[in-house]
Amino acid sequence: MKLELENKQCDCYIDKLTGLHNRLALLEYIKTNKTYTLFILDIDNFSNINSTYGYLIGDEVLVNITSYLKKLKPPHGEIFRFDGDKFVFLTNKTLLKIEMEDLAQSVISFFNEIEVYIDEDVAIKVFFSIGIYTGHGFNLLNYANLALNDARRYKKNSYKLFDINSTYIKNQLQNIDWVSHIRKYIEDERFVLFYQPIYDHKLNKVTKYESLIRIAYGDSFITPDNFLDACKLTGILELVTRFVITTSFKKFSQTEYSFSINITSDDINLGYLEKLLLKRCEQYNIEPSRVILEILEDITTLTEPHMLQQINSLRAKGFKIALDDFGVENSNFARLVDFHPDYIKIDGIFIKDLVENKKSQIVVQTIVDFCKLCNIEVIAEYVHSEAVMEKVKEYEIEFSQGYFIGEPKQEL
């Protein structure tokens with residue numbers, strides 16, 4: 001297989017460091033409708049090499065890696081330096097699944113056994129993750145990269161063939177599809193808000209609502225778990241959050257209810273929240289204490305100094321802070337003390353079967369006891385029956401939210 005470029009020796013097609021064909025050459029090559037197998041090879045630990053030993057040694061490592069990869073590439077295939085610490089093998093030879101797996105494993109095994117840079121004081125190893133796809137056009141790169149990321153979800157220094165049945169890849173392809181439509185939905189004003197009531201057990205009535213974004217699609221409505229990632233990818237998450245804030249303030253301006261708005265770390269890092277919220281409080285004559293900022297992030301992220309600074313500033317202005325889905329993934333009691341939200345929402349996985357599940361009962365009791373010591377109020381999600389609600393009350397949880405209290409609706 002030979003590179004079919006009009007001028008394959010043109011400098012614009014050559015990577016100056018390694019002498020390999022570069023990204024531009026690869027894109028020129030795969031823009032045809034011919035079928036190829038593409039291996040994208042990404043060095044797992046290269047950023048650590050640069051930061052520890054410096055860029056000069058990092059460059060020498062890349063040059064040494066290139067010499068090895070030339071020997072490992074598939075027969076009749078080409079090798080490219082794609083970008084930074086990524087290389088690509090490309091072949092138009094039909095490969096069986098076992099041949100693709102053997103080639104990927106041989107690369108991983110080879111670099112597991114050697115050191116790619118050695119001097120008197122330094123011996124450096126590298127590790128590769130590899131994604132593989134057979135097809136044509138620019139999807140070669142897109143789908144091989146999805147396979148690469150899919151592999152890394154489970155284990156670095158591994159490989160994976162593109163698998164349309166992979167849950168991760170299905171979700172990513174769905175996000176890609178959403179990216180192509182999301183801006184149009186903004187322009188067509190298809191975003192709407194629903195409101196779900198939150199019941200106060202002390203006052204025996206609904207005192208709060210959660211504002212929930214939806215997209216109107218025909219006679220149905222699409223929930224944010226389908227499009228939120230696409231909003232992040234397209235850079236319109238701020239527009240969505242601004243819409244939720246403004247619409248919620250307008251909705252609750254003629255009521256006495258408190259209301260919660262979902263925000264992410266992206267919203268906090270962009271630095272616009274405090275100014276916008278204070279402006280809407282003044283515009284709609286709403287006290288900040290009625291506004292609950294429900295943060296959709298893990299506790300580890302939220303206790304970073306720059307995050308805490310902004311959250312504490314919002315709290316100092318009177319806004320309430322809630323932490324969503326507590327009890328799963330990166331929940332951390334020690335970090336919770338540092339962050340100290342006004343409310344936590346116990347993840348619904350522990351509430352929905354609270355009546356009969358002993359494990360859920362232990363988790364809920366532990367969270368409630370801890371929050372009482374820290375003066376944090378608790379909201380139970382997924383309260384879907386009278387039996388669950390009575391169990392929630394037994395634990396002296398302050399608030400309930402779920403379909404037994406009320407489904408999300410466009411009107412209060």
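How many salt bridges does a search of the whole structure find? I ran the search and it finds 14. I note at the start that this is a predicted model.

**Entry 1: overall layout**

The protein has 412 residues, and 49% of them count as buried. I listed its secondary structure as 16 helices and 16 strands. Taken along the principal axes, the C-alpha atoms fill a box of roughly 75 × 50 × 40 Å.

I also looked up one pair of residues for distance. Tyr55 and Met389 are 334 residues apart along the chain, and their C-alpha atoms are separated by 60 Å. Tyr55 is found in helix H3, which covers residues 55-72. I put Tyr55 down as exposed, because its relative accessible area is 62% and the cut-off for exposed is over 50%.

**Entry 2: Lys345**

I then turned to Lys345. Where is Lys345 found? I located Lys345 in strand S14, residues 343-346. Is Lys345 buried or exposed? Its relative accessible area is 0%, so Lys345 is buried.

I checked which side chains Lys345 meets. Lys345 forms a salt bridge with Glu210, and the closest N and O atoms are 2.9 Å apart. This pair links distant parts of the chain, since Lys345 is in strand S14 and Glu210 is in strand S9, 135 residues apart. The two side chains are also listed as making a polar contact, at 2.9 Å. Glu210 is buried too, because its relative accessible area is 5% and buried means under 20%.

I found Glu381 as another salt-bridge partner of Lys345, with the closest N and O atoms 3.5 Å apart. Glu381 lies in the loop between strand S15 (377-380) and helix H16 (386-394), while Lys345 is in strand S14, so the pair ties together parts that are 36 residues apart in sequence. I noted that both Glu381 and Lys345 are buried.

**Entry 3: Lys391 and Glu394**

I looked next at a salt bridge within a helix. The side chains of Lys391 and Glu394 meet at 3.6 Å, N to O. The two residues are three apart in helix H16, so about one helical turn separates them.

**Entry 4: a charged patch**

Which residues gather in a patch of negative charge on the surface? I wrote down Asp59, Glu60, Asp119, Glu120 and Asp121. Glu120 is found in the loop between strand S4 (117-118) and strand S5 (123-124). Its relative accessible area is 80%, so Glu120 is exposed.

**Entry 5: backbone angles**

Last, I looked up two asparagines. Asn204 has a positive phi of about 55 degrees, although it is not a glycine. I found Asn204 in the loop between strand S8 (191-200) and strand S9 (205-217). Asn285 also has a positive phi of about 55 degrees and is not a glycine. Asn285 sits in the loop between helix H10 (273-284) and strand S12 (291-295). I recorded Asn285 as exposed, because its relative accessible area is 68%.

Note on methods: Residues numbered from 1 in each chain as written. Predicted model: local features only at pLDDT ≥ 70, side-chain atom pairs only at ≥ 80, totals over all residues. Heavy atoms only, no water. Patch = residues over 30% accessible without salt bridge, like charges linked within 9 Å, V, L, I, M, F, W, Y side chains within 5 Å. Areas by Shrake-Rupley, 256 points an atom, 1.4 Å probe, with all protein chains shown as cover. Salt bridge = Lys/Arg side-chain N within 4 Å of Asp/Glu carboxyl O. Lys, Arg positive; Asp, Glu negative; His and termini not counted. Charge placed at Lys NZ, Arg CZ, Asp CG, Glu CD. Helix = DSSP H or I, 4+ residues; strand = E, 2+ residues; numbered from the N terminus. Buried < 20%, exposed > 50% of the residue type's maximum accessible area, 1.4 Å probe, protein only. Polar contact = N/O pair within 3.5 Å; in protein donor to acceptor, adjacent residues only side chain to side chain.
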